[in-house]
Amino acid sequence: MKLHKVRTYKSAEKLAREDQLAWKIASVAADNVALDADVVEMIGNRIIDNAAVAAASLARRPVVSARAQAVAHPFLPGATVFGLSTAKRVSPEWAAWANGVAVRELDFHDTFLAADYSHPGDNIPPILAVAQHCGLSGAALARGIATGYEVQVNLVKGICLHKHKIDHIAHLGPSVAAGIGTALGLSADVTYQAVQQALHVTTTTRQSRKGEISSWKAYAPAFGGKMAVEAVDRVMRGEGAPSPAWEGEDGFIAWLLSGPGAEYVVPLPEKGEAKRAIMDTYTKEHSAEYQSQALIDLARRMGPKVGDLTKVKDIRIHTSHHTHYVIGTGANDPQKMDPKASRETLDHSIMYIFAVALEDGGWHHERSYAPERANRPETVALWRNISTVEDPEWTRRYHSYDPKEKAFGGRVTVTLQDGSIIEDELAIADAHPLGARPFTRPDYVNKFRTLAEGVVEKAEQDRFIATVERLMELKPVELAGLTFTVQPDKLGPAAATGIFDWKR
């Protein structure tokens, strides 16, 4: 890997194109290196993972609404939409939109945490949509996905967005544009402009993940993917972008990040170096914010030790800065302690999550968020006795570059009413690559079958898994099969009328 220093330049300095971050990203995208076998397997795992969480969310209102918007834009050749017949094609940017929302709705797919946050699996729906529409092979799709992961992971390593209350889709737009560039075999010149356009149009605030969190949390990454598809389309037609997007005098770093005096360091592969960033990422066993994964596992381990939860006086979670301020009491969000809060808010409340995981000995993507579950008096009492505190050592480990030391969990102190104390800690989730039970292909398949049960028929599940197994051999005509179809009654109630289907 090569480390690239990125800072603001005055317009009079005339920063050469080859020295700009967007060009360096485009060069990585244009470098058609072979994919390692374990990377190909992991790409297949994440395609399965995305399909699993999409199947479980098909009937949820945000997904129904996004799908209704997409089907209002039929197009040929077009791309497929999760749940619908492969014969029903829509314009690729709208397929990216509908499938992106389905994948993101339950907050249950893969993650990468470093200087910033990310869900790199959000790259897959827009790249797949373009691949289906443009008649690409499975191998071209895989190369594009590898680039998407490579760019997003390395931007997340080098540039912190949340410090400035910028949503993490500002890293996703450029990574999707780069991934599409690789899949289509575009020149670095074209991808360079598309990456900058995508950055420019996907910079939004983190209010989508703050306070009373709404369905926009699921829509935001889908929006980033949709904007990236449109950016590539415009640039392929000869249009340009604000340049240099990151380093410009009035650009991203100067006015939206740490200012003209700031310098960031972004790692990117050298020419000819394999794209392996996907191997640094990890998926979720539990449908909740990633920083709660290890703490859910810890709660189910501690439950039997604690015993009667009515005897708990208080629970203190010692954890990282990120966990304390994003999903802990350090966020100062009263909604995180409110039994009437939305599902999106509850999955960003480690106090609620830890309480339920202690009581239930685990976590369920639907039952754990049910209103009647959140409003149990004994749960509310326990929940409101839980707090978080930042521990410098956990913060240091969170930011460590050493994978053996990097941690996303914490130490929990349970004080009982008689004054006795029970303590335990867990650094990483059981399903993490270095955890107690690392996820492998059978685990991804089991996750898909579990979440698809009662939604996707068994024969269709089998067909989808078999298609993924042949990813690198798929011909363009076969790529349409990289989805799944369900019976209409599994798609939820009809969406409310919008402007795309308005009738007088």
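In what follows, a residue is called buried when its relative accessible area is under 20%, exposed when that area is over 50%, and partly exposed in between, with a 1.4 Å probe and protein chains only. By that scale Asp107 is buried, because its relative accessible area is 0%. The structure is a predicted model, in which local features need a pLDDT of at least 70 and side-chain atom pairs count only at pLDDT 80 or more, while totals for chains, interfaces and linings use all residues. Residues are numbered from 1 along each chain as its sequence is written, and side-chain values use heavy atoms, with hydrogens and water left out.

**Backbone geometry**

Most residues other than glycine have a negative phi, and most peptide bonds are trans. Asp107 has a positive phi, near 50°, and is placed in the loop between α4 (92-104) and α5 (124-133); here and below, helices (H or I, at least four residues) and strands (E, at least two) are DSSP runs numbered from the N terminus. Asn332 is not a glycine either and has a positive phi of about 55°, but this residue, found in the loop between α12 (321-326) and α13 (343-346), is exposed, with a relative accessible area of 66%.

| Cis bond | Omega | Location of the proline |
|---|---|---|
| Leu76 and Pro77 | about 0° | Pro77 in strand β2 (residues 74-79) |
| Ser243 and Pro244 | about -10° | Pro244 in the loop between α9 (216-236) and α10 (252-256) |

**Nonpolar cores**

A nonpolar core is taken as a set of buried Ala, Val, Leu, Ile, Met, Phe, Trp, Tyr and Cys residues joined through side-chain atoms within 4.5 Å. The largest such core has 111 residues, and those with the most contacts inside it are Ile43 and Trp246. Helix α2 (residues 37-57) gives the most to this core, contributing 12 residues. Contact means heavy atoms within 4.5 Å, and when neighbours within four places in sequence are left aside, the partners of Trp246 include Val6, Leu21, Ala22 and Ile25, together with Leu155, Ile159, Pro174, Val195 and Leu199. Apart from this core lies another, of 51 residues, which has Ile327, Ile350, Val356 and Leu358 among its members.

Helix α14 (residues 350-360) has nine of its 11 residues buried, so the helix is largely enclosed by the rest of the structure. The buried residues of α14 include Ile350, Val356 and Leu358, as well as Met351, Tyr352 and Phe354. Gly361, with a positive phi near 70°, follows the helix.

**Aromatic rings and charges**

A pair of aromatic rings is described by the distance of the centres and the angle of the planes. Rings of Phe, Tyr and Trp (its six-membered ring) pair if their centres lie within 6.5 Å, with planes under 30 degrees apart counted as stacked, over 60 as edge-to-face and the rest as tilted. The structure holds 20 aromatic pairs. In one of them, the ring centres of Tyr398 and Phe408 are 5.6 Å apart and the planes stand at 90°, so this pair is edge-to-face. Because Tyr398 belongs to helix α17 (residues 392-399) and Phe408 to the loop between α17 and β6 (410-416), the pair ties together parts that are 10 residues apart in sequence. Both Tyr398 and Phe408 are buried. Elsewhere, ring pairs link Trp94, Trp97, Trp216, Tyr219, Phe223 and Phe500 into a cluster.

A charge is said to sit over a ring if NZ of Lys or CZ of Arg is within 6 Å of the ring centre and within 35 degrees of the ring normal. Lys406 lies over the face of Tyr398, at 5.6 Å from the ring centre, and the charged end of Arg7 sits over the ring of Tyr9, 3.8 Å from its centre.

**Two further sites**

Helix α17 also contains Thr395, which is buried, with a relative accessible area of 13%. With neighbours within four places in sequence left aside, Thr395 is in contact with Thr319, Ser320, His321 and Glu390; Thr395 and Ala407, 12 residues apart in sequence, are 8.5 Å apart in space, C-alpha to C-alpha.

Asn385 lies in the loop between α16 (377-383) and β5 (386-390) and counts as partly exposed at 31% relative accessibility. Leaving aside neighbours within four places in sequence, Asn385 is in contact with Val312, Lys313, Asp314 and Ile315.
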